Amino acid sequence: MQDTAKPATKVLIVDDHPVVLSGCRTLFASDHSIRIDEATDAKSGHRAYVSKRPDVTVIDISLPDVSGFELMRRIRKDDPDAKIIMFSMNDDPAFVVRAVELGAQGYVSKGDDPRILLKAVRKVVAGDNFISPQLAEAVTFSGAAIKANPASQMTPRELEILRLLGRGDKIVEVAEALGISYKTVANTTSLLKQKLGAKNHSDLIRIAVEIGMS
């Protein structure tokens, strides 16, 4: 008799918080149709994606090396069809919109009921998009505010450079983290100053912190 059981759905969780990973293990343990793998930073997350080819990847925006947005960019460069859910403490509608613009199929807040993440995974596996209900409502009612948010006017590369500068990285450290040249980071930093009206490097870092990019 032929075995018609469907293969397990492979989910990769990329998050550097042990409590979150433990919670995800407990959450998905109740569903035997899902098998999870874990990574704790963007570098190991990218490596795990390439080797495991998960059906869905759940990525924390705030990772210790580069951001979840940058990891998503790297994954989608390798696999344009990758299904990705951003998982974050940040409930700013501008981040939700940016995640969707960059190709995420889902966005879930860590403040949500944990079962929302399970629902999001099932929806995205099925080919649908999913945003936490409270965030979807916030996005709907804050369109004008999102357009006014400086983050919505930046390219993914500019966002990532600004975030790393905001957390205190030097230009040479940003270049090393992103695998690009010092000159590219320096030129982008100059453009960011013009775009954001920053008077100097310190002012640019202050703006990054104020708009939640650090």
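The legends below describe close-up views of a predicted model. Local features are reported only at pLDDT of at least 70 and side-chain atom pairs only at pLDDT 80 or more, whereas totals for chains, interfaces and linings use all residues. Residues are numbered from 1 along each chain as its sequence is written, and side-chain values use heavy atoms, with hydrogens and water left out.

**Figure 1. Overview of the protein chain.** The protein chain contains 11 helices and six strands. These elements are DSSP runs, numbered from the N terminus: helices are H or I runs of at least four residues, and strands are E runs of at least two. Of the 214 residues, 47% are buried; buried means under 20% relative accessible area, exposed over 50%, and partly exposed in between, with a 1.4 Å probe and protein chains only. The chain exposes about 10900 Å², of which carbon and sulfur atoms supply 54%. Accessible areas come from the Shrake-Rupley method with a 1.4 Å probe, and for residues only the protein chains shown count as cover. Among contacts with a separation of 6 or more, 64% are accounted for by residues 24 or more positions apart; a contact means heavy atoms within 4.5 Å.

**Figure 2. The six-stranded sheet.** The strands form an open sheet with parallel pairing, in the order β2-β1-β3-β4-β5-β6. Two strands pair if DSSP finds at least two bridges between them. At the edges lie β2 (34–39) and β6 (130–131), each of which pairs on one side only. Helix α5 (residues 115–125) packs on the sheet and touches β1, β2, β3, β4 (84–88), β5 (106–109) and β6. The direction of α5 makes about 140° with that of β3. Axes are lines fitted to C-alpha atoms, for helices over the stretch in contact, and angles run from 0 to 180 degrees between N-to-C directions.

**Figure 3. Strand β1 and its two partners.** Five of the six residues of β1 are buried. Six bridges join β1 to β2, and these two strands run parallel. Strand β1 (residues 9–14) also pairs with β3 (residues 56–60) in the parallel sense, over four bridges. Ile 13 stands opposite Glu 38 in β2, and its bridge partner in β3 is Val 58. For Leu 12, the bridge partner in β3 is Thr 57.

**Figure 4. Strand β3 and its covered residues.** Strand β3 is mostly covered, with five of its five residues buried. Val 56, Val 58 and Asp 60 point one way from the strand, while Thr 57 and Ile 59 point the other way. Four bridges join β3 to β4, and the two run parallel. Asp 60 stands opposite Phe 87 in β4.

**Figure 5. Packing of helix α1 against helix α5.** Helix α1 (residues 18–29) and α5 pack at an angle of about 65°, with their axes 10 Å apart. The contact involves Cys 24, Leu 27 and Phe 28 of α1, together with Arg 115, Leu 117, Leu 118 and Val 121 of α5. By class, this contact has six nonpolar, no polar and one charged residues. In this classification, Ala, Val, Leu, Ile, Met, Phe, Trp, Tyr, Cys and Pro count as nonpolar, Asp, Glu, Lys and Arg as charged, and the others, Gly among them, as polar.

Figure 6. Gly 68 belongs to helix α3 (residues 68–78). Gly 68 counts as buried because its relative accessibility is 0%. Leaving aside residues up to four places away in sequence, Gly 68 touches Ile 59, Asp 60, Ile 61, Leu 63 and Met 86. Gly 68 and Asp 41 are 27 residues apart in sequence, and their C-alpha atoms are 8.8 Å apart in space.

**Figure 7. The segment before β1, seen at Lys 6.** Lys 6 lies in the segment before β1. Lys 6 counts as exposed because its relative accessibility is 75%. The C-alpha atoms of Lys 6 and Ser 33 are 8.2 Å apart, although the two are 27 residues apart in sequence.

Figure 8. Arg 53 is found in the loop between α2 (42–52) and β3. Its phi is near 45°, a positive value in a residue other than glycine. Arg 53 counts as partly exposed because its relative accessibility is 38%. Within helix α4 (residues 93–101), the buried residues are Pro 93, Ala 94, Phe 95, Val 96, Arg 98 and Ala 99.
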